[in-house]
Amino acid sequence: MDYTTHNHTCLQSRGNPRRPDRIRPPTRPPVAEDDKPLEFFAIGSMLCGFAAMFLRYKWTAWLSLLCCLGHLANLRADESTNLRQLMGSCMFSVSSLITSYARDRHTNSSAMAAT
C-alpha cells in the first residue's frame, strides 16, 4: 500500500476532522468613535493645501494631492467614513494645485508684458 492510499483510507475511517458547522467568518470588534486613530493623511492634505494657497509653493500643492490620494487608498471598505471630509480634502488639494499654477502663469504673463 503506498502513502496516498494509506492516507486516504485513514481519513475515511476517522471521518473529516474539519467541522464546517463551526466555521464563522472573522469579525472586527466594534471601536468607539473616540478611540479611532487620527487620519494623518487627511490632516496632512489640508495643511499642505493651506501652505500651497498662502505661501505659493507648488511642491506643497503636490504633497497635498499625494496625501489626499494616500488617505483615499487607506480607506477601509467596512468603515463608514465621513465622505464629505474626504471630498473636501480632495477638492481643496486640487484647487490649491490649480491656483498655485494659475497664479504663476498670471504673474509671468504680466511680467513679460511689462518688458
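Residues are numbered from 1 along each chain as its sequence is written, and side-chain values use heavy atoms, with hydrogens and water left out. Because the model is predicted, local features need pLDDT of at least 70 and side-chain atom pairs count only at pLDDT 80 or more, while totals for chains, interfaces and linings use all residues.

**Fold and confidence**

Let's start with the overall picture. The protein has 4 helices and 0 strands, in the order α-α-α-α from the N terminus on. Helices (H or I, at least four residues) and strands (E, at least two) are DSSP runs, numbered from the N terminus. The mean pLDDT (the predictor's confidence in each residue, from 0 to 100) is 75 for the protein, and 62% of its residues reach 70 or more. Where pLDDT is low, the predicted coordinates should not be read in detail.

**Contacts and surface**

A contact means heavy atoms within 4.5 Å. Of the contacts between residues at least 6 apart in sequence, 66% join residues at least 24 apart. The protein exposes about 9,700 Å², with 62% of it supplied by carbon and sulfur atoms; accessible areas come from the Shrake-Rupley method with a 1.4 Å probe, and for residues only the protein chains shown count as cover.

Buried residues make up 20% of the 115 residues, where buried means under 20% relative accessible area, exposed over 50%, and partly exposed in between (1.4 Å probe, protein chains only). Some residues with their values:

| Residue | Relative accessible area | Class |
|---|---|---|
| C68 | 1% | buried |
| C90 | 16% | buried |
| F50 | 40% | partly exposed |
| F54 | 64% | exposed |
| Y57 | 41% | partly exposed |
| W59 | 57% | exposed |

**Aromatic rings**

The structure holds 3 aromatic pairs. Rings of Phe, Tyr and Trp (its six-membered ring) pair if their centres lie within 6.5 Å; planes under 30 degrees apart count as stacked, over 60 as edge-to-face and the rest as tilted. The F50 and F54 rings are stacked because their centres are 6.1 Å apart and their planes lie at 0°. Both residues belong to helix 2 (residues 40-55), 4 residues apart, about one turn of the helix. The rings of Y57 and W59 also have centres 6.1 Å apart, with planes at 20°, so this pair is stacked. Ring pairs link F50, F54 and F92 into a cluster.
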